[in-house]
Protein chains: 4
Amino acid sequence: MAIESFGTEQAARKLRLGMVGGGRGAFIGAVHRMAARLDDKWEIVAGALSADPENAKASGADLGLDPDRAYTSWQDMVKGESNREDGIDAVSIVTPNHLHFDVSKAFLEAGINVICDKPMTVTFAESQELVRIADASGVQFVLTQNNTGYPLVRQARAMVADGTLGDIQVIRTSYVQDWLTTALDAEGQKQAAWRTDPKLAGAGGSIGDIGVHAFNLAAFISGLELEEVCADLRSYVPGRQLDDNANVLLRYKGGATGTLWTSQVAPGNYNRLSIGIYGTKGGLEWVGEDNDNLYYTPFGEPTRTITRGGPGAMDVANAGTRMPPRHPEGYIEGFGNIYSNAAEMIWAAKEGRDPDPFATDLPTVRDGATGLAFIEACVQSSNEGAVWQKVAKAG
Amino acid sequence: MAIESFGTEQAARKLRLGMVGGGRGAFIGAVHRMAARLDDKWEIVAGALSADPENAKASGADLGLDPDRAYTSWQDMVKGESNREDGIDAVSIVTPNHLHFDVSKAFLEAGINVICDKPMTVTFAESQELVRIADASGVQFVLTQNNTGYPLVRQARAMVADGTLGDIQVIRTSYVQDWLTTALDAEGQKQAAWRTDPKLAGAGGSIGDIGVHAFNLAAFISGLELEEVCADLRSYVPGRQLDDNANVLLRYKGGATGTLWTSQVAPGNYNRLSIGIYGTKGGLEWVGEDNDNLYYTPFGEPTRTITRGGPGAMDVANAGTRMPPRHPEGYIEGFGNIYSNAAEMIWAAKEGRDPDPFATDLPTVRDGATGLAFIEACVQSSNEGAVWQKVAKAG
Amino acid sequence: MAIESFGTEQAARKLRLGMVGGGRGAFIGAVHRMAARLDDKWEIVAGALSADPENAKASGADLGLDPDRAYTSWQDMVKGESNREDGIDAVSIVTPNHLHFDVSKAFLEAGINVICDKPMTVTFAESQELVRIADASGVQFVLTQNNTGYPLVRQARAMVADGTLGDIQVIRTSYVQDWLTTALDAEGQKQAAWRTDPKLAGAGGSIGDIGVHAFNLAAFISGLELEEVCADLRSYVPGRQLDDNANVLLRYKGGATGTLWTSQVAPGNYNRLSIGIYGTKGGLEWVGEDNDNLYYTPFGEPTRTITRGGPGAMDVANAGTRMPPRHPEGYIEGFGNIYSNAAEMIWAAKEGRDPDPFATDLPTVRDGATGLAFIEACVQSSNEGAVWQKVAKAG
Amino acid sequence: MAIESFGTEQAARKLRLGMVGGGRGAFIGAVHRMAARLDDKWEIVAGALSADPENAKASGADLGLDPDRAYTSWQDMVKGESNREDGIDAVSIVTPNHLHFDVSKAFLEAGINVICDKPMTVTFAESQELVRIADASGVQFVLTQNNTGYPLVRQARAMVADGTLGDIQVIRTSYVQDWLTTALDAEGQKQAAWRTDPKLAGAGGSIGDIGVHAFNLAAFISGLELEEVCADLRSYVPGRQLDDNANVLLRYKGGATGTLWTSQVAPGNYNRLSIGIYGTKGGLEWVGEDNDNLYYTPFGEPTRTITRGGPGAMDVANAGTRMPPRHPEGYIEGFGNIYSNAAEMIWAAKEGRDPDPFATDLPTVRDGATGLAFIEACVQSSNEGAVWQKVAKAG
């Protein structure tokens, strides 16, 4: 493998980005900003970074925002940015989950492209409404189910789609953490507190916070529609309001079945996301911790290790590759692909042209709705004793 | 780690072993024989090695048996060995599953110790009868759920038992193969044919052949009683009579939950047995392919790699260790521990003394019955649409 | 491990960065730019991006540079930027090796901070002169031996320094690739061509291009001074002018010894950088491909896996950490730490204050000179038949 | 991969084995016995198990030997067994190194086949004499460089031999332990004491005890003749008489070069033996701790994981395979292949027929002599300051 010119940088022009949430003390906002900066396609120019006005101002200053554009409410920001000639091209929504709907709605209705963190809304019903709003808006809605930005996850999807694995029969996926093994939430740790509060996080705990990533990963790679779940959700830490562990059986349209496990109480696991997907002709395995490798077994032949940027990497993977093989890329780089692709989609729309085909496969508002359908089906299945529950179809 | 004298060899005397099944063309019989020979505690002196008389004779000659003791039926063998002064001390039963019950019964009733392959019987009802027969027999019944012979599996059990992990909350286990991805059974491959024939193998396909190993591994390490399962069994290869993939939810007495996945149609997996077990104070992970390491995480501390024979290995593990750390041991060595421990149990009984405590933790007739209860509960759960099914308690 | 606020972003103000080299078709320039952008501490405002004026202009436009600051020669850039009120705070030098000296000298003498790619110069003599120039300049000279930016490499250095390993006795390090297994250079592949041309790359091929990274990694972690080398350099591809494989014995001051292997002709290796360092009390192992883990063995205890951001990670590692554990970080993130630390050093100097102590341990002009001393010693050792050769001390 | 009948068992008849050394308190003798028993081709019937008569008798009883054949000196054993009608077919020599020569000589001259542990003798001169004696004896001399018994090591050799890798250019090998990090030898630990005593072990410490395994592995796989070494041997523990760490450069006939590192003072390593071998067309990597996998990269294609017993395993590997893929085999199994192949060679000689071709590639007396030549060249190279030293050619 020769070292050639990798990478997606092409920066002569930048889109203007705003952000709702993500002020001091937040976590995911900073990740979005690093992802947005990586390929130099975005400039952050506005924000409603905190519900606390003082924090909002201070956080705006941290980011070097024009003080006029460091809004103290997202409502002001919608208005302010809509009225400017140089208003933002897109807004990143990185608030706790319960605000995603209102904020998304407002910006979409103002004709501003939206990049929204997951889970998309707190309820499936809201998500369905958002589908209609997004469809009507005529602008982009991109959901940061960021694992779909990993180059080899995209290759896995392509390999399934082109029939390399034959018919998919079996899927195993999991996302496992340990940080809620103790009662961090009761101790007031900020990240733990909102993620375990149904008013802020929605009905799902681990299933909504991380299980939905595993669901989405399986859906993205397999291209299959999930029809039914049987989910046994538990909250192992006394007093915790939402599940911290979920064991789920999956049934896909067409006959594939699977298991999904998510946990926040599995000591020794920090962010272990993994998937195995098996068809009549071969199998694929991928682990987020080792994102630069994809393990592919054509049935009856030795397993191949396909390394990002190396032999066997497909164009769809190389399109999102910045570094030569085994100079590791990671979470921010995969997330950065979502932002760079979103930029391309917005430019293409502005310019009335077809976007780069490798930029088009972004998680959509429908994927968000599907995620909510999955979460709600799991919660309802579990509430009824872990019985089979149909997964609602996103409109 | 100094190289010291490892190993369990102490061979001045040998017990006499017979074998039912395991003739030419069989697989597991040869494994039992290698395991029995490893520590030189057994001598194979008799056999009813095949239902085909010619094969039985030829196979006996292969093993150097006295032709008088190369029986052409197991019934003859029971009689013949019972009548000899130097009759066998124990019999290994390595036939297809459907014969386990009758053969075990006959030898137990003849007062001959039994070492029986898994699954113990074809039905739970039979297994319960065998419990009573074994209890009444006054001799040993050892079930070769051989994974319990791995030194670090035994250490894992000891660590759970001594409270190192706190209260166990979550278990994930799986046993995955790919050899039945195509219709080998329909093509007449011998191993595939009997394992997918309900008359020979029982009601479970993958769940009975390999899923029961994952179940047993979880039970052995956790010490927990499985109360309920919800199992979705599938047979993906057209025409196959038994399941080749099973997705199972687990509920243990006391509140722990888990998932169990078994498959014979997952390309790239040959014999991937693994478990993760997580409690309030820590987690353990073990993979059969990497049996010489146990990964232990005390919550909030870095993961420790405990290597067989190395620092952190406990006496219970060292007792079954023959080689210094990282001179790999494997399947035969773990299996050999079952045989060497069985010999010790039999000697201790002969001599009216307590056995070496490290030899006592062998899989019993009750473990066999529990395995059948598990298999039947899974099959019944699945047959009713994958609903929760109580696991019968072994008497 | 709770998800808390990680990361080094703090962006209210940005330094102005220029770049020499790194235009269209170049590789490492884009890496520097991504690294510089990651934490938002730099803005790229000027460049002499190519020796070819047309490419220089076009590449400047790619980066959105003011056309006046897209210089067609680095000499013009020194002049132009020196004369501006808003001239660059620092220059990144990412040209082929043979230009590093002249360009560094010119910017240093103009009082502009320099961030220079490795190897620092083409000869040790030049490097010594650059030491004097940098010392006299009063500005920062930062060498992008970027592996020193990985959080766990910094932790390894800290663990050695605080005596955790006892006295270091043995070091093993290697950096292995395969991209020059065939005669890419002869086929005119641009990256291959200059890296194998002694006029552009200097006297070392693999030893200068990648071996110096392994040397530097060992020096950075161990803190030991290399006294002697015995190096056997080979050029396996017919017609190649510089070495593509080097086997080196190392002797450090104080008695530690080691081996260093570097290769560009080892199929299956893309960028495999690794080190093991062993002392009287313990050992450390780290592999670049798996940069988020550090394997630490206190002698006589089980190996600990220390994960970036997780339990056991020290403050010095956490200071350069952006993501929670097992959301992988990689090459760009480690490189980004060099850029963010450099920014802090420059701001501290501007403000007449002490810098953040975690920002101070950057590779210096003396490290660059030490690298050249290593390369030249290896080349000379090999030229004389692979005999022991003293490594010159950098002034 | 279907489960079929694996394994090399075929036991109708057994050869008679004697053993010199290997009594109570010894280590490697027990390993030889397990290896010999595994496939049931040997019966241990005689021994001179210890130089201490009491231990010799007691150890003989442990093994169930006829007391007449539990000799108190190997000289008696040569005589006693030579005079018996049912005398041993072969003797295993598992004493400390300094006795290998005399004992081998005596048994060879008595026309008894010899299986001798490594290193074969204490000096190269002795080894050369043994070559002549063995050649003249007309019986088998098998050296237990046991790593050559691993199925995938044999496959690696076959892949090099058939040109799969092209011309071999680069080799990297190492064998690393940590058990001598402290002064165990000074504390009287038996294994440590003799292995660091030049009178018992010979001139090499780590280089003779384990380095020779790495050398042998490289020679076996590559088929290349080592011409020169440059070795820097150190004894890091004060007072230790022999080297505990060795850094070695290698030059092979035909132009390949390499590095060999061996250490007994590298905390965290128990028995880490590994090799990488790279040619013009591809590379192979193998690690003893993971002996059931071989990593093969055809240049420019993804790396293949070839698993013992699985797809891509060659006949030469399958011939030494007992278990299906990923039921792990290990050290004893590989060692067992040496014993089973030795049995086949002896039977074939007895019967005047050609042996099974897969049994013929055993380490010979010449390989033993080559090992001594390597050890002596390393010691002499190091003694002269780590200069290049020709490796003597074994006659």
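User: Let's start with chain B. In what order do the strands of its open sheet come?
Analyst: This is a predicted model, so keep that in mind. In chain B, 5 strands make up an open sheet, ordered β2-β1-β3-β4-β5, and they pair in parallel.

User: Which strands are at the edge in chain B?
Analyst: Those are β2 (42-48) and β5 (141-143) of chain B, and each of them pairs on one side only.

User: What even holds strands together in a sheet?
Analyst: In general, strands of a sheet pair through backbone hydrogen bonds, and the pairing can be parallel or antiparallel.

User: Okay, zoom in on one pair. How many bridges join β1 and β3 of chain B?
Analyst: There are 4 bridges between β1 (residues 15-20) and β3 (residues 90-93) of chain B, and the two strands run parallel. To pick out one bridge, Val20(B) is partnered with Ile93(B) in β3(B).

User: Which strands does helix α4 of chain B lie across?
Analyst: Helix α4 (residues 100-109) of chain B lies across β1, β3, β4 (113-116) and β5 of that chain. Against β4(B), it runs at about 160 degrees.

User: Switching to chain A. What's the strand order in its open sheet?
Analyst: In chain A the open sheet has 5 strands in the order β2-β1-β3-β4-β5, with parallel pairing.

User: Why is one side of β2 and of β5 in chain A left without a neighbour in the sheet?
Analyst: Because β2 (42-48) and β5 (141-143) of chain A stand at the edges, each with a single partner strand.

User: How do β3 and β4 of chain A pair?
Analyst: Strand β3 (residues 90-93) and strand β4 (residues 113-116) of chain A are parallel and share 4 bridges. In one of them, Ala90(A) has Asn113(A) in β4(A) as its bridge partner.

User: Where does helix α3 of chain A lie?
Analyst: Helix α3 (residues 74-82) of chain A sits across β1 (15-20), β2 and β3 of chain A, at about 130 degrees to β2(A).

User: Now the interfaces. How many residues do chain C and chain A put into their contact?
Analyst: Chain C gives 50 residues and chain A gives 49 residues. Together they bury about 4,400 Å², with 60% of that on carbon and sulfur atoms.

User: How many salt bridges are there between chain C and chain A?
Analyst: The count is 4 salt bridges. One example is Arg37(A) with Asp40(C), whose side chains meet at 3.7 Å, N to O. There are also 11 residue pairs in polar contact between chain C and chain A, with both residues at pLDDT 80 or more.

User: Which helix of chain C supplies the largest share of the side that touches chain A?
Analyst: That's α1(C), with 6 residues. That side of chain C divides into 25 nonpolar, 12 polar and 13 charged residues.

User: What about chain D and chain B, how much do they bury?
Analyst: About 4,400 Å² between them, 60% of it on carbon and sulfur atoms. The contact takes 50 residues from chain D and 50 residues from chain B.

User: Which side chains meet in a salt bridge there?
Analyst: Arg326(B) and Glu289(D) are one such pair, at 3.4 Å, N to O. Across the interface of chain D and chain B there are 4 salt bridges.

Technical notes. Residues numbered from 1 in each chain as written. Chains lettered and ligands numbered in written order. Predicted model: local features only at pLDDT ≥ 70, side-chain atom pairs only at ≥ 80, totals over all residues. Heavy atoms only, no water. Contact = heavy atoms within 4.5 Å. Buried area = accessible area lost by both parts, 1.4 Å probe. Polar contact = N/O pair within 3.5 Å; in protein donor to acceptor, adjacent residues only side chain to side chain. Nonpolar A, V, L, I, M, F, W, Y, C, P; charged D, E, K, R; others polar. Pairing = 2+ DSSP bridges. Axes fitted to C-alpha atoms, helices over the stretch in contact; angles between N-to-C directions.
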